[in-house]
Amino acid sequence: MAPRGRKRTRAAVEHSVSHTSTVLTDMIMLHDPNGSHPTLAALAALREEDSLCDIEIHVSGAPDKPAARTFRAHRNVLAATSDYFRALLLGERFADSTGPKLAISEMSPSCFEAALDFMYSGVAQVSESHLVRMLGVAARLQVRRAWRTA
């Protein structure tokens, strides 16, 4: 029996304006219209609590931008939502596939964080000025739900 095909949907892009006392910032909300599955929502909560995370991802920007950050996550969520991580973590030919840490270079840590949030929840909020860069990160990580929106 052939597996049933899943209907693919495009994520909706909603514009919202966030107000602070004197600062007006245009924000873009990427939202998967299917929403997050309750299991992913539970895993997102565990990630926020830093519970049961089994991998650390060190993300560093371009060489001229020394800021770098480390993110903790769940291998199963990464592999389930990103073809890049699926190939990296399940591939036997990569040394990174079994280790507790990964390093990704030449990627904006804040854009990676937005993509990671999207992988867990189907929602990411980024400034309009960072939208193209965030979608580039999502494309590099092969997070189809996000980069097919624009």
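Modeller: Gladly, beginning with strands: helices (H or I, at least four residues) and strands (E, at least two) are DSSP runs, numbered from the N terminus. Two strands pair if DSSP finds at least two bridges between them. This is a predicted model, in which local features need pLDDT of at least 70 and side-chain atom pairs count only at pLDDT 80 or more, while totals for chains, interfaces and linings use all residues. Residues are numbered from 1 along each chain as its sequence is written, and side-chain values use heavy atoms, with hydrogens and water left out.

Biologist: How many helices and strands does the chain have?

Modeller: There are six helices and six strands, and along the sequence they follow the pattern β-β-α-β-β-α-α-β-α-β-α-α.

Biologist: How do you know that β3 pairs with β4?

Modeller: Six bridges join β3 to β4, and the rule asks for at least two, so the two strands pair. They run antiparallel, with serine 60 standing opposite alanine 68 in β4.

Biologist: Now the rings. Why is the pair of phenylalanine 71 and phenylalanine 112 called tilted?

Modeller: Rings of Phe, Tyr and Trp (its six-membered ring) pair if their centres lie within 6.5 Å; planes under 30 degrees apart count as stacked, over 60 as edge-to-face and the rest as tilted. Here the centres are 5.1 Å apart and the planes are at 50 degrees, so the pair is tilted. It links phenylalanine 71 in strand β4 with phenylalanine 112 in helix α4, 41 residues apart.

Biologist: What makes the rings of tyrosine 84 and phenylalanine 85 edge-to-face?

Modeller: Their centres are 5.2 Å apart and their planes are at 75 degrees, so this pair is edge-to-face. Phe71, Tyr84, Phe85 and Phe112 form one aromatic cluster.

Biologist: Is phenylalanine 85 buried or exposed, and what about tyrosine 84?

Modeller: Buried means under 20% relative accessible area, exposed over 50%, partly exposed in between (1.4 Å probe, protein chains only). Phenylalanine 85 has 0%, so it is buried; tyrosine 84 has 27%, so it is partly exposed. Both phenylalanine 71 and phenylalanine 112 are buried.

Biologist: How do you know that arginine 47 lies over the face of tyrosine 120?

Modeller: A charge sits over a ring if NZ of Lys or CZ of Arg is within 6 Å of the ring centre and within 35 degrees of the ring normal. Arginine 47, found in helix α1 (residues 38–48), is at 5.0 Å from the ring centre of tyrosine 120. With 17% relative accessibility, arginine 47 counts as buried. Leaving aside neighbours within four places in sequence, its contacts (heavy atoms within 4.5 Å) are Cys53, Arg72, His74, Leu116, Asp117 and Tyr120.

Biologist: How confident is the predictor across the chain?

Modeller: The average pLDDT, the predictor's confidence in each residue from 0 to 100, is 75, and 65% of the residues score at least 70. Over residues 1–24 pLDDT stays under 50. Where pLDDT is low, the predicted coordinates should not be read in detail.
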